[in-house]
Amino acid sequence: MPTKLTSKIIESLEPNSGICWDATVPGLGVRSGRNRKTFFYSGRVRGKRSKLKIKIGVYAEPHPEGHVWTLKRARIEAGTIKGMLANGINPNAKADATELSGPTLREGLELHLDSMQRKKRARRSIETMRGDVEKHFRDWLDRPLAELTAIELGAIHDRVVATTKPRAGSVNPPGHALAKRLVINIGSIWKSLNRKHAGALGGWNPAEGVQTHSLAPREARLGAKAESDMSWPLWYERVLGLSGCRRDIQLLALFSGIRAEGLRNLRWEDIDEAAGCFSVRVVKGDRPYSVPLCKTIRDIFASRRKENPALALFDGYTGDEGWVFPTRTRSKPFAVVPLAEPKEWRIINDERVQWLPGLHPLRRTYASVAAEAGVDEFTIKILMNHQIAGVTGKHYTQLENLERFAKAQATIETALWTRLTHKKKSQKLKAM
């Protein structure tokens, strides 16, 4: 008869006393052997009459991924296995093989990254996937991907959640976003590898058996709450207290809506005063575009043209080497490179730590203010380089006349200044 298992009950089981079933999680049992007590789950694969017994782990003994098997963790794993069986997945299908071989995770990673490059995915997305997989699956890189089960992938997911430190400004609990991304990455790699090898990895993807956390969307943007770190006046006050390049890249992010990589990699040859625009060449999806100049953006560029030549970055280099927002490398050989992407900056003021958001919340702010100012959705998409839906927008629409968009840019500029300060526009950039 099932019993509501506890750790004390498991520890009190006599050697070779057989199976004790859990009343809390039906199907979960613990078998008491001569020297150890083993958790397992008993259930039916969808459409099958006979029951399967799937080993979970040995009570109080460590798992290869680092954690120790407890009753609580066994119940969680039993729930995962139950879901797999309900979906027609047999976890024992891989364990029954005497020798598992085939393509490795490293081969799958390279194959999938090559596919991403062919599809012109963002360079940053490719680098992030490589870094994540090589760091968190380094013990798996040279092992056959067919050996990676949902239980082991789930253990890595849980370990990342448990060991990730909190980040300032994050809208989700520590590790939730990273762990979810890792599971998605493994699922994508598995599909690419299985497609190439004509189903050699088997009939099910281990990522499908891992339950990840739901994530709240990132919605941070500047707002009207006076007591908030994201309020308009406080943000503007702190930005004006930054050094030249850092101040100006924040302002340009707000008044142009450009992504961080595009801002960091701006060069002076990208600016065309005669045409009234500047080009953004490092972009998501490899689709360069032009942004109309407005008075504020011209003032920001003028500030950088004035200050950059005076920069003595280190011996042998002065000026900006053609970068609008320059900095120096910390390693040798020295070189002038684009300013590093700001995640947040902390300013110590009377022992109080103040912070600024990264650049992407300013892109959200730009879009929100544009909509509030009455700019139509099509124009906002063009100004922000968002893809226009449909074949016509994606493949045929090539815009050369920026007059309409320059007027919209001027409208957004006025709306932004209205929120930042009530001072006259001529006084706004004096601190620059």
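## Exercises on a predicted model

Of the 432 residues in the protein chain, buried ones make up 45%. Keep in mind that this is a predicted model. The chain has 16 helices and 11 strands, and the structure holds 23 salt bridges.

**Exercise 1. Work out how helix 8 and helix 15 are oriented to each other, and which residues make the contact.**

Step 1: Find the two elements. Helix 8 covers residues 232-240 and helix 15 covers residues 403-420.

Step 2: Look at the axes. They come within 8 Å and cross at roughly 95 degrees.

Step 3: Classify the angle. Values from 65 to 115 degrees count as roughly perpendicular, so helix 8 and helix 15 are roughly perpendicular to each other.

Step 4: List who touches whom. Helix 8 brings Trp232, Pro233, Trp235 and Tyr236, while helix 15 brings Leu416, Trp417, Arg419 and Leu420.

Step 5: Sort the contact residues by type. You get 7 nonpolar, no polar and 1 charged.

**Exercise 2. Decide whether Leu254 is buried or exposed, and find what it contacts beyond its neighbours within four places in sequence.**

Step 1: Leu254 sits in helix 9, residues 244-256.

Step 2: Check accessibility. Buried means under 20% relative accessible area, and Leu254 has 0%, so Leu254 is buried.

Step 3: Collect the contacts. Setting aside neighbours within four places, Leu254 touches Leu222, Trp232, Trp235, Leu362, Thr365, Tyr366, Leu416 and Leu420. Among these, Trp232 and Trp235 belong to the helix 8 side of the contact from Exercise 1, and Leu416 and Leu420 to the helix 15 side.

Step 4: Take one partner and compare sequence with space. Leu254 and Thr365 are 111 residues apart in sequence, yet their C-alpha atoms are 7.1 Å apart.

**Exercise 3. Compare the salt bridges Arg304 to Glu307 and Arg419 to Glu372.**

Step 1: Side chains of opposite charge can pair when their charged atoms come close.

Step 2: Take the Arg304 pair. The closest N and O atoms of Arg304 and Glu307 are 2.9 Å apart. Both residues lie in helix 11, and since they are 3 residues apart, about one helical turn separates them. Arg304 is buried at 1%, whereas Glu307 is partly exposed at 27%.

Step 3: Take the other pair. Arg419 and Glu372 meet at 2.7 Å, N to O. This pair links distant parts of the chain, with Arg419 in helix 15 and Glu372 in helix 12, 47 residues apart.

Step 4: Arg419 is partly exposed at 29%, and Glu372 is exposed at 56%.

Conventions: Residues are numbered from 1 along each chain as its sequence is written. This is a predicted model: local features need pLDDT of at least 70, side-chain atom pairs count only at pLDDT 80 or more; totals for chains, interfaces and linings use all residues. Side-chain values use heavy atoms; hydrogens and water are left out. Axes are lines fitted to C-alpha atoms, for helices over the stretch in contact, and angles run from 0 to 180 degrees between N-to-C directions. Helices (H or I, at least four residues) and strands (E, at least two) are DSSP runs, numbered from the N terminus. Angles under 35 degrees count as roughly parallel, over 145 as roughly antiparallel, 65 to 115 as roughly perpendicular and the rest as oblique. Contact means heavy atoms within 4.5 Å. Ala, Val, Leu, Ile, Met, Phe, Trp, Tyr, Cys and Pro count as nonpolar, Asp, Glu, Lys and Arg as charged, and the others, Gly among them, as polar. Buried means under 20% relative accessible area, exposed over 50%, partly exposed in between (1.4 Å probe, protein chains only). A salt bridge is a side-chain nitrogen of Lys or Arg within 4 Å of a carboxyl oxygen of Asp or Glu.
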